[in-house]
Amino acid sequence: MMRIAIVATAGESLIKFRGHLIKEWVKRNCEVWCISIEPPGEMEQKISRLGAQYYQVSGNRTGTSIIDGIGMIHRYKKAFKEIKPDLCFLYMSKPVAFGGIAAIHCKIQRIVVFQTGMEIAFYSTGLKNLFIRQVLKILFKYVHKSCETVFFMCHEDERKMLKWGLVSAEQTCYVDGSGVDMNHFARTELPGEAVVLMVARLVWSKGIREYMEAARLVKKKHPEVRFLLVGGIDENSEALSKKELNELRKEGVIEYKGYHEDVRPYLKKCSIFVLPSYHEGKGTAILEAQSVGRPIITTMAPGCSETVIEGYNGLLVPVKNARILADRIEYLVVHPEERQRMADHAYQFCKRKFESGIISSSICERLKIQED
């Protein structure tokens, strides 16, 4: 029986984004250990439903302290010495960097990295981001050298890391995102009324400013159109503050619905899904909306543009351009037949490329984890 340790710094992502992969490993007779920073009381029951076991490695998900990083390396080493995994599957920056170093020092036979998307430091300016960027490059290069495979779900991220010499072409393997459980996100009938929805963490780089401005522009001509926003306040340095969120609520242009673990009721209500993000790994929220059968409007940014064929299952807009975003939303508002056509294609496109079973099988095939 192969023993796999899958490591993240957000426990819910293990369930939401890797749950199907974990269940597939268990189905293939693997013993799976899920490692994250949350206390066991928060995670053990949820992880056990996947057929796996949980181990806590405490730490700060977003902090940049060197002392905390060194501490996490030691805690990961302790975890790996106790679990004794045959394969370490690492994703998110801290598990890749610090968990990767620990796995190398523990002489884990097989180390695998899943690069789900570049950190904000790779897209942001300023001395602090420059420093973080350089440190991450050094750590990624060191860890990747010992990796069996480095998975990418964004071609642009893969291209950049190859250009910077952080990974070799022989190591890389592209997959179409984390996949989406199309039974869970089952297709529903497209509502007749124009209801626009954005689901995202409340950070500015998701395009919240552009969404707000586009909503203002569209509602001047079409006041009946509803604009919904679903997402939780983030710990990130570029997250909306509570004050900014309150101002957004007071304006009333956008209906803020808060954070919801299950976004399906809101996907069911909407007839147009929008994500004007500046960068994504693959835009899982987009895939979930397509699975339900919704036309997509997103940006030409890496990770977003790979989910939409212009005019087929949605529309693409330039990054940070609220005016064009408003124009594209208005186009679908006044052309319900186009909404329906793109909704049909979105579902078909998702089933063909992004269904979770396809993604999990391709990962297992690459890692030579055979069916039991």
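The points below concern a predicted model and go from the sheet and the cores to aromatic pairs and single residues.

1. Sheet. Six strands form an open sheet in the order S10-S9-S8-S11-S12-S13, and their pairing is parallel. Strand S10 (255–256) and strand S13 (314–317) are the edge strands, each pairing on one side only.

2. Strands S8 and S9. Strand S8 (residues 195–199) runs parallel to strand S9 (residues 226–230), and the two are joined over 5 bridges. S9 is mostly covered, with 4 of its 5 residues buried. In a regular strand, side chains alternate between the two faces of the sheet.

3. Helix on the sheet. Which strands does H8 touch? H8 packs on the sheet through contacts with S8, S9 and strand S11 (272–275). The direction of H8 makes about 165 degrees with that of S9.

4. Largest nonpolar core. This core has 58 residues, and those touching the most other members are Leu197, Phe227, Ile254, Phe273, Ile297 and Ile329. Helix H8 (residues 208–221) supplies the largest share of the core, 7 residues. In soluble globular proteins, nonpolar side chains tend to be buried together.

5. What does Ile254 touch, not counting residues up to four places away in sequence? The contacts of Ile254 are Tyr211, Met212, Ala215, Phe227, Leu228, Leu229 and Leu248. Phe227, named in this list, is also one of the residues that touch the most other core members.

6. Second core. A separate core of 37 residues is also present, and its members include Trp33, Ala97, Phe140 and Phe152.

7. Aromatic pairs. The structure has 8 aromatic pairs. One of them joins Phe89 and Phe114, with ring centres 5.9 Å apart and 50 degrees between the planes, and is classed as tilted. Phe89 lies in strand S4 (residues 87–91) and Phe114 in strand S5, so this pair links parts of the chain 25 residues apart. Both Phe89 and Phe114 are buried.

8. An edge-to-face pair. Tyr312 and Phe349 have ring centres 6.4 Å apart; the pair counts as edge-to-face because the planes stand at 75 degrees, where the cut-off is over 60. Tyr312 is in the loop between strand S12 (296–299) and S13, and Phe349 is in helix H13 (residues 336–353), so the pair ties together parts that are 37 residues apart in sequence.

9. Aromatic cluster and charges over rings. Phe89 and Phe114 belong to one aromatic cluster together with Trp25 and Phe151. Two side chains with a charge over a ring may be listed here. Arg18 lies over the face of Tyr91, at 4.4 Å from the ring centre. Lys137 is placed over the face of Trp164, at 4.0 Å from the ring centre.

10. Ser360. This residue is part of helix H14 (residues 356–366). Ser360 counts as buried because its relative accessibility is 4%, under the 20% limit. Leaving aside neighbours within four places in sequence, Ser360 is in contact with His20, Leu21 and Glu24.

11. Lys107. Although Lys107 is not a glycine, its phi is positive, at about 60 degrees. Lys107 sits in the loop between helix H5 (93–105) and strand S5 (110–115). Its relative accessible area is 71%, so Lys107 is classed as exposed.

12. Lys368. Lys368 is found in the segment after H14. With 63% relative accessibility, Lys368 counts as exposed, the limit being over 50%.

Terms used: Residues are numbered from 1 along each chain as its sequence is written. This is a predicted model: local features need pLDDT of at least 70, side-chain atom pairs count only at pLDDT 80 or more; totals for chains, interfaces and linings use all residues. Side-chain values use heavy atoms; hydrogens and water are left out. A nonpolar core is a set of buried Ala, Val, Leu, Ile, Met, Phe, Trp, Tyr and Cys residues joined through side-chain atoms within 4.5 Å. Buried means under 20% relative accessible area, exposed over 50%, partly exposed in between (1.4 Å probe, protein chains only). Contact means heavy atoms within 4.5 Å. Two strands pair if DSSP finds at least two bridges between them. Axes are lines fitted to C-alpha atoms, for helices over the stretch in contact, and angles run from 0 to 180 degrees between N-to-C directions. Rings of Phe, Tyr and Trp (its six-membered ring) pair if their centres lie within 6.5 Å; planes under 30 degrees apart count as stacked, over 60 as edge-to-face and the rest as tilted. A charge sits over a ring if NZ of Lys or CZ of Arg is within 6 Å of the ring centre and within 35 degrees of the ring normal.
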